[in-house]
Protein chains: 2
Amino acid sequence: MLKFNEQKQVDDIQGALNLRPHVEHIVDKICKKGYDNIFYLGIGGTYASALQAETYIKGHSNLPVYVQHAAEYYTTGNRRLTKDSLVILSSVTGTTEEVVKAVNEIEKVGATLVGFIDTKDTPLAESCDYVITYPAPGTEQIKFFMVADRLMNNNGDFPDYEEYYAELEGHLAKGLVEAEKQADTFGQAFAEKHRHDTMHYFIGAGNQWGGVYSYAMCYWEEQSWLRSKSIHAAEFLHGTLEIVDETTPVTLFLGEDEQRPLAERVKKLLPRICGNYTFIDSKDYPIEGISEKNRGRVLSHLLMHCVTQRIDAHVEKLNCHPLDIRRYYRQFEY
Amino acid sequence: MLKFNEQKQVDDIQGALNLRPHVEHIVDKICKKGYDNIFYLGIGGTYASALQAETYIKGHSNLPVYVQHAAEYYTTGNRRLTKDSLVILSSVTGTTEEVVKAVNEIEKVGATLVGFIDTKDTPLAESCDYVITYPAPGTEQIKFFMVADRLMNNNGDFPDYEEYYAELEGHLAKGLVEAEKQADTFGQAFAEKHRHDTMHYFIGAGNQWGGVYSYAMCYWEEQSWLRSKSIHAAEFLHGTLEIVDETTPVTLFLGEDEQRPLAERVKKLLPRICGNYTFIDSKDYPIEGISEKNRGRVLSHLLMHCVTQRIDAHVEKLNCHPLDIRRYYRQFEY
């Protein structure tokens, strides 16, 4: 299989889950001290992961959680982010310009900064009050959700927390690589069919919304240089549907969280107005050892990422376009 | 001028501003009773207006304000929306399916509902605790912002409130129709150049973000059946920029609120990577009698709407496509 190192992927996921005692120690200390608001700080891909964490927490608790865009923060500030707030962020390089600028401002306010910073001795690693360094691609969401889960557990919103993580630790890593193997044939067929699309529409709701937002922008546009648009399933029905016809390429991501009915409504409509649609449903990817009630919490967007990784690997090869080159980003100052 | 009834537009805006004593009476009663959180409820176009109101309040106060998507609400609920919450909504027909369903659920929770419902004796008019009926197209944002301004005034965040509204009442209506006249030549040229674009990108920040979101989706896609994508100025630099080249049609909206620097960053970059861009800057439209410091609060997105109305009027005529027909919406059940 293209770009697939099974053992490394298993080790990466397992290693991310093994960060849990460290995450719990940090979150418990913060909860003991108390906090007023929770902010997931991000930009681009990390903004999308922040959207997922926020949707997840809002769906399961009444904790005061917000997504804070890093560039908006250093431009305007946010009076609800105070010295008593908790800010969670993630960065591979530790040098993302907008995040560095936002964190510099947040330091002046005095909020508590928890950073998953994958490169040591970088500006972001130095600025955070608590740093976890675990450089493994594809584990950002697990890290963000681990913080969310512990916060909710401490808030009394997640009584099955230990049982849930026992399932993940026992079965998630293996389950995800098996799903990726299962998805490879589909990924290749999808890549062959859509790799020259002049525009591709991606639709999703719930945790899938951050997923499709990031997939359209950070993968198709940024990495594959393919034009695409993401639209929330609930919003698709209030405008975008009007430009869909027989030939429009549309892909709907269906997850298993509490917003699934919003995606199902689009699923019912699409075949009546479009002849070029695809449904990707996380339910089609069973994972042994993870109970039905726990699948919706975490699996939908991780499974979807397994599927899209297969598409991307084939697009990269077929389109002769290395995914790590950029036309403009970090090529010159702007 | 096409589709332009100067006296009616002046009367509509003036009439919306004249609702202020009514709005103040309602907001003052709610403030006296107290509230925990403020929710602007919407879907599609009203969701976009809600985004603008939220950005505006967040930029000027620490009030606990949220955008609540109507379909997400009836699908999942929101534990932060309680019997002590204030919910503000707007509807032309009073029958928007998703909003009716959301409001039915909110009534059970017992939150206070303030509705700008333009049709009497409709489900939404009946459900709201306070209803203002003033059917004049293009005044939704003025209504939403009037509530926001009074809430902020009562919270001590807007000491110049009276002076500000004196300026608007004296000069806004006339200023906006003058701006629309000024924009007509540009609107026609833009329509002629772009009315067959296979895809058009709209970029904005701050209050312009809700504006470009709505313009791309509710006007280009829904009304003109033209393909378009909106992207926040800060996010454009983290993905979407990579698919821009010489021929890509890109339009940047520049407003005058506190997020203007985010749009200016894109303004600096675009000419280096694109040969088919347009800047629409609200600063190019002077309004007599409104002071510099007050322009940013309200004018940016209202002025932008004056400009885009001119584009739409010409696109409608040139493309022989009536803006009020729909392929799918309300044509059949889905």
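A polar contact is a pair of N or O atoms within 3.5 Å; within protein, one atom must be able to donate a hydrogen and the other to accept it, and residues adjacent in sequence count only if both atoms are side-chain atoms. By this rule, 42 residue pairs are in polar contact across the interface of chain A and chain B, both residues at pLDDT 80 or more. The model is a predicted one.

On the side of chain A that touches chain B, α11(A) gives the largest share, six residues. That side is made up of 28 nonpolar, 17 polar and 20 charged residues. Eight salt bridges are counted between the two chains. One of them joins the side chains of Arg265(A) and Glu98(B), at 2.9 Å from N to O.

In total, 65 residues of chain A are in contact with 65 residues of chain B. The two chains bury about 5,900 Å² between them, 52% of it on carbon and sulfur atoms. In chain A, the most area is lost to chain B by His238(A), Glu242(A) and Tyr334(A), together 14% of what that side buries.

Over all chains, the whole structure holds 42 aromatic pairs. Two of them are listed here.

| Pair | Centre to centre | Angle between planes | Arrangement |
|---|---|---|---|
| Phe116(A) and Phe144(A) | 6.5 Å | 55° | tilted |
| Phe39(B) and Tyr66(B) | 5.2 Å | 15° | stacked |

Phe116(A), in strand β4 of chain A, and Phe144(A), in helix α7 of chain A, are 28 residues apart. Both are buried. Phe39(B) lies in strand β1 of chain B and Tyr66(B) in strand β2 of chain B, 27 residues apart. Phe39(B) and Tyr66(B) are buried.

Notes. Residues numbered from 1 in each chain as written. Chains lettered and ligands numbered in written order. Predicted model: local features only at pLDDT ≥ 70, side-chain atom pairs only at ≥ 80, totals over all residues. Heavy atoms only, no water. Contact = heavy atoms within 4.5 Å. Buried area = accessible area lost by both parts, 1.4 Å probe. Salt bridge = Lys/Arg side-chain N within 4 Å of Asp/Glu carboxyl O. Helix = DSSP H or I, 4+ residues; strand = E, 2+ residues; numbered from the N terminus. Nonpolar A, V, L, I, M, F, W, Y, C, P; charged D, E, K, R; others polar. Phe/Tyr/Trp six-rings, centres within 6.5 Å; stacked < 30°, edge-to-face > 60°. Buried < 20%, exposed > 50% of the residue type's maximum accessible area, 1.4 Å probe, protein only.
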